[in-house]
Amino acid sequence: MTVSSARPHRADPAEQAGTDRRAGAEGNDSDWAVCAACRGVVYRRRLQRALRVCPDCGHHHRLTAQERLGTLLDPGSVRLLDFPVAAPDPLGFTDTVPYAERLARARAATGLDEAVVCARGSLAGRSVVVAVMDFRFLGGSLGSAVGELVTRAAEEALRTRTPFLVVTASGGARMQEGAHSLMQMAKTGSVFARLRAAGVLTVSLITDPTYGGVAASFATLADVIVAESGTRLGFAGPRVIEQTIRQRLPEGFQTAEFLLEHGLVDAVYRRGALRPALARLLAAADAPSILEPAPEPVPNEPPEYVVTDPALLPDRAPWPVVTGSRDLERPTVLDYAGRVLDGFEELHGDRASGDCAAMVGGIGTLDGMPVVLIGHQKGHTHAELAARNYAMASPAGYRKAGRLMCLAARLGLPVVTLIDTPGAHPGIEAEENGQAFAIAESLCLMSTLPVPVVAVVIGEGGSGGALGLAVADRVLICENATYSVISPEGCAAILWQDPAAAPRAAEELGLVPERLLRHGIVDGVVREPGGGAHTDPGLAAERLRGALWWALRDCLALSADELVARRTRRYRSMDGTVRYGEALCSARS
């Protein structure tokens, strides 16, 4: 495990030299500073105005704990939490100097009692409890006092049900305390488990560097993990890894951008963008709990553009609807996220293997009510389609969706899914990583979510890849969308052994909205602007917003147990003989 001593830990000698140069350049009263990365000379006041980000190369210089509090929290809101914590020296440890002397030197040099500062305050007007690490104090190492302070701050957040933000900067565990330091990983992990169980939002802001025991405990246990641009995070440092495996590491290894690509963090931001991003996330914690049902059910008639009676819909030739559902001009999930929700904050990664570009999700507010939105993302050009893997999600995509659904369940937020996919990705890598398993787990999870779930098919609803997001309390479909067990082309190739029979297959599959409504597969059809949603995306989004509110409204009147029981009845009743009205009535009863 990587540890630090009184000298700030860096991953290799070259990086340590950069730190030494920075200290020499900025540890004087000159009006000028030298960037540790590009070696450019910067006017010191300009560097401070830029939050200590080099205006030439973008390098993020380290901040002290007090500086970090100043950049994140509202002016005048900071109230330090004065937790009396002992600073033990359980082993009486001595290397070149006694550990007690190292602590005394660190306190004198930094003006801090320990390597973490705890406070209450507000961020964009929203209350938050914060624990901010300071790398200057023994490399931000995790000792018994640091573990105790982080735990007490978390318990304060738990006691007051206030979101908890932890800002990390650490070389790892503090070896001068031996196994006592190791136990702090378990202690902080335990309190984060209690925060999860209580549904208190936790956010981790990873800053450079975050390694070892901190990386393998509270830094990576938060509901949402945000990393500052250029940050490095890992269990072992690059030098240790190279010496162990005798291989040269790839460029950018363990950087924030590397971690984002591999699905391990939710987002990466430059320092100036951190505060507004965190404010958007904290907005989700301000919602009144939806787990307490309304005292009286409210009459809930659908808006005029949501059709629940199939007799009001004309029968259409299916094939033109199929081709229209694939039109690249149709609004995508991210298009709708920007128009239907306020303050949408996209979250990335499955925290295990990768970030699937075909599956997107995040938190936003629907007319003031925070929701978790998840969906298949296409694009408006062939290049965008290719970059999104044609909206065919991988196992990592369904696992990312599952992670966000679990977050919604903990925080008591409704889940909205928007479906637009030809199907799940059918590739070697997808099969190696358990595509069938990932979809099956998604179906199981959605059936038991204790929060309202509304699914809307906005384009193609292809097979199990679509159903993986469609086990819901209410399932809607846009007027020019489709929903089917297989694509018409695939059906034609298998049963007619002729791809040209796709139009006939579309006719037989019953995949158009009017037939799906007639069979009780969907609960309502959202009318689109004349000519399709792409002809007036603003109106299409307005109607989708209204349809979502209608679908969510009667769900909000039910307890968690009632929601799950009703969802169970809905799918239990689907035996191939259900016709219009039966499934909906069964679900409502």
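Asp208 counts as buried at 18% relative accessibility, where buried means under 20% relative accessible area, exposed over 50% and partly exposed in between (1.4 Å probe, protein chains only). This is a predicted model, in which local features need pLDDT of at least 70 and side-chain atom pairs count only at pLDDT 80 or more, while totals for chains, interfaces and linings use all residues. Residues are numbered from 1 along each chain as its sequence is written, and side-chain values use heavy atoms, with hydrogens and water left out.

**Salt bridges**
- The structure holds 30 salt bridges, each defined as a side-chain nitrogen of Lys or Arg within 4 Å of a carboxyl oxygen of Asp or Glu.
- Asp208 pairs with Arg232 in a salt bridge, their closest N and O atoms being 2.7 Å apart.
- Arg232 is also buried, with a relative accessible area of 9%.
- Arg330 forms a salt bridge with Glu528, with the closest N and O atoms 2.7 Å apart.
- Both Arg330 and Glu528 are buried.
- In the salt bridge between Arg102 and Asp95, the closest N and O atoms are 2.2 Å apart.
- Arg102 is buried at a relative accessible area of 10%, whereas Asp95 is partly exposed at 35%.
- A network of salt bridges links Arg326, Lys378, Asp420, Glu460 and Glu489.

**A buried serine**
- Ser181 has a relative accessible area of 1% and is buried.
- Leaving aside neighbours within four places in sequence, Ser181 is in contact (heavy atoms within 4.5 Å) with Leu142, Gly143, Ala173 and Arg174.
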